[in-house]
Every structure is written in C-alpha cells, then in structure tokens.
Amino acid sequence: MALALLSGCGAKREAVDLLVTNATVYTVDSAFSKAEAFVVKDGKFVAVGAAADLKAKYQAAQEVDAGGKFIYPGFHDAHCHFYHYAAGLSGADLVGTNSWPEVIQRLQETRRKYPNARWLTGNGWDQNDWPTKQFPTKDTLDRLFPDVPVFISRVDGHAALVNQKLLDLAGITSRTTISGGVIGRDAQGRLTGLLLDKAKGLLDNVYPVTTAAEDTPLLLQAQQNCLAVGLTSLTEAGLHRIDINVLDSLQKAGQLHLRINAMASATPDNVAYYLKKGPIRTDQLTVASFKVYADGALGSRGACLVKPYADKPKETGFLIQTVKEYRNLAKQLAASKFQMNTHAIGDSANRIILNIYGEALKGQKDRRWRIEHAQVITPADMPKFGQYGIVPSVQPTHATSDMYWAGERLGAERLKTAYAYKELLKQYGQLALGSDFPVENINPLFGFHAAVARQDAKNYPAAGFQMENAISRPDALRGMTTWAAHAAFEEKRKGQIKPGMLADFVVLDTDLLTAPNEQLRGAKVLQTWIGGAKVFGR
C-alpha cells in the first residue's frame with residue numbers, strides 16, 4: 001500500500017491548455033452548481049472543481065488567476081440581427097431621439113460625415129417617444145436631401161420613412177398597392193413616405209448591394225462591440241444565403257470568432273436551397289431553421305390582434321402572408337429536419353401560428369419550433385406552447401421599452417397577458433432570451449435586468465412593470481446561456497461550464513445572482529473567451 005501511495009504522488013500531470021482559478025464560477029449545469037476553478041483543453045472544458053484538486057491533476061500551459069471575479073458561460077443572444085446591426089454602424093444612430101427635429105439633426109450630421117455615401121440611412125427612431133406621437137412625413141427629407149435616397153428605419157424594423165427620391169427610384173406612386181403592408185398616404189391620398197412591413201420590400205430591387213469587402217470592416221467592428229458585452233454566440237434572426245456565406249467565410253478565415261446560429265429567411269430560393277442541402281451544424285455555424293414573419297410590430301400597429309387596437313378601434317393590424325401560405329410552409333418544414341421560427345407579436349398572429357404548428361407537427365414535441373417575441377397571447381392560447389412543444393423566444397427589454405404606451409394600444413385587460421414571461425416559462429419549461437438588437441441595445445445584461453426587475457435603464461418603475469411576469473435570476477441566466485442553446489439544438493455543446501462543452505465563458509466584476517437590481521445594467525465584462533482563447537479584455 002505504501003508503494004502504491006508513493007507511486008500515485010509521483011504520477012505525471014495531464015497537459016492542458018488553460019487553468020482558471022480564484023473565481024466564483026456559475027456553471028449553469030442542471031444543478032446550477034458553483035465552483036472555483038476549471039480546466040480547458042482543445043477548446044473545451046475538461047474539468048471543473050476546486051483549484052487544489054485541478055492543480056494536482058493538470059499541468060496547464062497557461063494559468064489565469066481570476067482575482068475573485070465572477071465567471072459565467074458565454075452569453076448567447078437568442079434573437080438578434082447582427083448583420084443589420086453591422087450595416088447600421090455607418091448610418092445615423094436615431095435611437096433615443098426625442099423629437100423629429102432631433103432626427104433631422106442627426107441625419108444632417110451623418111450626411112456631413114459621409115458626403116459621398118450612395119444612400120443616407122438611419123435606424124432607431126420611435127414616434128412614441130416624441131411629444132406628438134405621430135408618424136413623421138417625408139416633407140423635410142425632400143427639402144433637405146432632394147438628391148440622395150433617404151431610408152430611416154423605425155426602432156422595431158417594421159416601419160421606415162423614405163424620401164421622394166427613393167420613392168421615385170423604386171417606382172412607388174400613389175397608385176401602388178401592397179398586401180401584407182402599408183404605403184402611407186395623407187388625407188388627400190398623397191404619399192407620406194411611410195412604408196410598413198411588406199411595403200418595405202418594394203425597395204429590394206433598388207437598395208444598394210454591398211460587397212463582402214465593404215461589409216467585412218463593419219461586421220468585425222460589430223463583433224468587437226458584441227464581445228465587449230460578453231456575447232459569444234448569436235442567433236441571427238433571418239438572413240439571405242449570400243450573407244450567411246459571408247459570415248461563414250469570415251469564421252473560416254479566423255476573423256469572426258462569434259458562433260452564429262443563422263436562421264435563413266424563408267424566401268422561396270432559400271427554402272429550396274437549404275432543404276436540398278440539409279442542415280449545417282458546426283462548432284462555429286448552424287443553419288437549421290427558417291425565419292418567418294406572421295405580422296408586424298405593436299408600436300407601428302402592424303401586430304395582428306384578435307380585437308381592435310384600444311387606441312384605433314377600426315384597426316386590428318394584419319398578417320404578412322396568407323394563412324394558406326403559412327400552413328403550406330409548415331407542412332413542408334415538418335417533413336424536413338429544419339425548425340420553423342416565426343415572428344408573432346399580436347394575439348391573433350400567435351394564435352394562428354400556434355395552431356398551424358400544432359397541425360403540422362402532429363405530436364412531435366421536440367422539434368423546437370419557435371415563436372419569436374410571443375408578445376401578446378390570449379389566456380386560451382398560452383397552454384399551446386407546452387401542448388405542442390413550442391419554444392417561446394422572448395426579448396425582455398421589449399417589455400420595458402414598450403410599457404409606456406403598450407397599454408394604450410392593448411387596453412388594461414389585454415396587457416395582462418402581454419410580455420408574460422413567467423407564464424410562458426411555466427408552459428414550456430424554458431425561455432430563450434434575446435435582445436432583437438439593433439431594435440434594442442446589444443448588451444445582454446440589459447435583458448437580464450429587464451427580465452428579473454421589469455425596469456428600464458432608469459430603474460423605472462420603482463416596483464417593476466407587471467412583476468407577476470418577472471422571472472428568477474437563475475432562470476434569466478439559463479435563458480441567455482443553456483436555454484438559448486437548447487432553442488437551437490446546441491445545448492450539448494454550449495451554454496454550460498462542464499466537461500465536454502465548448503470553452504466559452506465571460507468574466508464579470510459583478511455577481512449577477514446577488515447584486516442589487518440597480519447594479520445589474522452597470523456590471524462590466526472584464527474578459528470574454530471563446531474556445532479557451534481570450535477574444536476581449538479590459
């Protein structure tokens with residue numbers, strides 16, 4: 001026995017790449033356990049536990065003392081628009097504008113900065129934040145920018161204002177009609193420049209096509225911004241094949257470190273191509289779902305409601321396509337290995353899509369088809385998420401952004417089952433949490449705060465907005481790590497700090513599980529690691 005003990009003491013330690021010690025590690029495993037150290041080899045976690053035990057067993061090429069800080073699995077935004085966010089970095093930032101004159105001022109500043117740009121673009125305005133709360137018209141744009149096409153997108157991405165130059169370029173006149181969208185007109189029938197939902201598609205043939213070389217610097221800047229807030233994985237909510245190929249090329253070239261789960265836009269070309277090719281699943285890129293739009297946004301009254309808007313009793317919103325088209329696509333995808341992920345805001349849109357999902361899936365409860373946003377649900381339809389096995393993919397900051405005016409749109413009774421994250425969690429057992437950036441801020445900690453405190457950046461309201469719909473801090477962390485991964489069939493590869501998982505993790509200066517609510521949004525990401533390599537550090 002003595003010889004055996006001596007032999008054990010002299011055993012050679014296993015060579016590994018990285019040993020991280022002196023940390024509070026939230027593993028987000030099934031027991032939601034904590035540890036103080038972990039080991040990484042070949043881009044994956046190989047052991048988690050006490051530092052002394054790991055040091056005795058492993059010889060690390062690199063040892064990192066975390067300085068007592070807090071470590072979490074890499075954050076996964078379950079619904080965002082990364083490519084659109086990157087493109088917007090060269091346009092006017094209209095987020096937070098408090099009036100139409102302020103929008104104009106920012107557009108003028110952008111035009112001076114980029115005088116030779118082919119188009120003048122901007123993103124993020126919200127008329128609900130302005131004194132009048134009325135949609136703007138193109139008159140000022142026509143006067144100030146008569147010779148350059150202007151396209152400025154509302155914060156939700158479902159409404160845009162354009163100038164006459166662009167209307168002429170696209171051939172849109174007072175006689176143009178569209179189904180599944182709205183072309184804005186004034187009382188005299190003249191075009192206002194407002195385009196809602198499918199009407200924006202009338203610009204597709206004239207929008208300037210950028211090259212991969214033009215897109216790359218913006219995509220890499222967008223990546224740096226994401227890494228700085230702890231994002232290691234993104235679910236890109238709707239891309240054309242050419243854009244997916246650009247991301248794939250950048251990943252293969254070692255320039256894009258972010259892991260991307262790309263929903264392919266459900267265009268006929270994309271559907272035909274990917275159904276023939278089959279799902280793509282690598283450690284860097286997943287393409288195994290299609291993004292579908294059922295309706296528009298609540299803020300622009302494009303969300304499809306069962307009963308009329310409380311503040312517009314003659315309007316109920318609209319569907320983007322026909323019920324028959326959704327049903328045919330669902331049937332086609334049910335026979336494939338792809339997910340169907342549908343944007344549905346209004347209670348009518350959610351009801352229609354949930355019913356179509358149930359019909360198409362025929363009891364297949366682990367296909368993980370998703371409702372993106374799941375924003376307004378009737379009590380009668382809520383159980384269908386659990387009944388049919390439908391993933392609720394929600395964005396908590398939508399609740400705290402919309403709370404100022406959502407009651408005006410919906411009325412007090414209908415508001416009770418809007419942004420109802422706790423009830424959705426009860427029905428399905430999980431929530432996939434995202435931001436929908438650039439509609440909202442890219443920082444996932446803003447969503448964490450909104451989910452648990454139901455407050456905005458100013459910690460308003462003091463008691464929280466509809467706190468009966470708040471979720472717990474452990475569940476919010478699961479929603480932006482392992483549950484976000486589950487929604488993309490990636491939970492066996494990412495979202496937890498445990499052996500066999502991809503070694504993606506973030507180091508924060510704050511304990512998200514215990515810090516006061518008012519400190520959550522200010523928590524700083526100190527380091528971001530992907531595959532055991534540090535990709536961001538302060």
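This is a predicted model: local features need pLDDT of at least 70, side-chain atom pairs count only at pLDDT 80 or more; totals for chains, interfaces and linings use all residues.
**Close-up views of aromatic rings**

**View 1. Tyr207 sits at 38% relative accessibility, so it counts as partly exposed.** At 12% relative accessibility, Phe151 counts as buried, because buried means under 20%.

View 2. A pair of aromatic rings is described by the distance of the centres and the angle of the planes. Here the centres of Phe151 and Tyr207 are 6.0 Å apart and the planes meet at 85 degrees, so the pair is edge-to-face. Where in the chain do Phe151 and Tyr207 lie? Phe151 belongs to strand β11 (residues 150-154), while Tyr207 is in the loop between β14 (191-197) and α7 (212-227).

**View 3. Phe290 and Phe338 form a tilted aromatic pair.** Look for ring centres 5.0 Å apart, with 35 degrees between the planes. This pair also links distant parts of the chain, 48 residues apart: Phe290 is in strand β18 (residues 285-293), and Phe338 is in the loop between α10 (323-334) and β19 (339-344).

**View 4. Four residues join in a cluster of rings.** Follow the ring pairs here, and you will find that they link Tyr26, Phe32, Tyr72 and Phe75.

**View 5. Two arginines lie over ring faces.** Arg241 lies over the face of Tyr273, 4.0 Å from the ring centre. Arg521 is placed over the face of Phe446, at 4.7 Å from the ring centre.

How values were computed
Residues are numbered from 1 along each chain as its sequence is written. Side-chain values use heavy atoms; hydrogens and water are left out. Rings of Phe, Tyr and Trp (its six-membered ring) pair if their centres lie within 6.5 Å; planes under 30 degrees apart count as stacked, over 60 as edge-to-face and the rest as tilted. Helices (H or I, at least four residues) and strands (E, at least two) are DSSP runs, numbered from the N terminus. Buried means under 20% relative accessible area, exposed over 50%, partly exposed in between (1.4 Å probe, protein chains only). A charge sits over a ring if NZ of Lys or CZ of Arg is within 6 Å of the ring centre and within 35 degrees of the ring normal.
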